[in-house]
Amino acid sequence: MAQTGAISHGVDALIDKLRNDGVAAGQAEAEKLREDAKAEAAHILADAKREADEFKKKARTESDNYRAAGEEALNTAMRDAVLTMKAGLTDRFKEDVERLVTKEMSDPELLRQMILEVVGRASEGVNLHGKVQVILPVKVATQEDIKQNADDIQSGKLTKYVLGLTAKMLRENVELHTTDDNQEGIRVRAEDQGVVLDLTDKAVASLLMEHLQPRFRAVLEGVIR
């Protein structure tokens, strides 16, 4: 009986030892799994945070680039619009000047005064000597006048009549001719001296624009108010 009791006690002890070892091993494994899980979670969290930071940084960079590109495009568009507006206003101003000069220089009375001033009373002031030709616009006479007196308008007779000029008003060696182009105003040619005075609407308007355009541009740019 004593031997049987000893065996039973040994079996119980073995069972307890096995149970305790198993519990300890299970607890150790559970602790290892928990630590591994915590490490894995921390790793995943770190990766997620890094990716989030990288995404945020990339998004901020792209946003800054888009904003800078938008501001540059807007500034370029505004600059082009201002340049286009200035060019358009300058062209319109030039057209208005040319139109006004052309209108004034198509006036027969102004033509008459220009002829008298240049080849008449003021001829010595502009040093025109010898044979002088005055080239006049063909529009000084009406279309009906031209049809009925085609020969006279070329010789200057009709032009003299239309402008009210007489031989007494013009000095000798002054001939009147009409031009074949559409320019208003007059051109005076002193053949012996090789001098040509261009007083056509285009030349006068061009001369005016040389002086007016810088001032007009200064007004557009706000330099002159």
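## Terms and source

Helices (H or I, at least four residues) and strands (E, at least two) are DSSP runs, numbered from the N terminus. Two strands pair if DSSP finds at least two bridges between them.

This is a predicted model, where local features need pLDDT of at least 70, side-chain atom pairs count only at pLDDT 80 or more, and totals for chains, interfaces and linings use all residues. Residues are numbered from 1 along each chain as its sequence is written, and side-chain values use heavy atoms, leaving out hydrogens and water.

## The strands

Let's begin with β3 (residues 185-190), which pairs with β1 (residues 132-136) in the antiparallel sense through 4 bridges. Here Ala190 of β3 stands opposite Val132.

β3 is also joined to β4 (residues 195-200) by 6 bridges, again antiparallel. Ala190 has Val195 as its bridge partner in β4. The hairpin of β3 and β4 has 4 residues between the strands, and Gly194 takes a positive phi near 65° there.

## The salt bridges

A salt bridge is a side-chain nitrogen of Lys or Arg within 4 Å of a carboxyl oxygen of Asp or Glu. By this rule there are 12 salt bridges. One of them links Arg50 and Asp47 (3.0 Å, N to O); these residues are 3 apart in helix α1 (residues 2-105), so about one helical turn separates them.

Asp53 forms a salt bridge with Lys49, with the closest N and O atoms 3.3 Å apart. Both lie in helix α1, 4 residues apart. Arg92, Asp96 and Arg99 are linked in a network of salt bridges.
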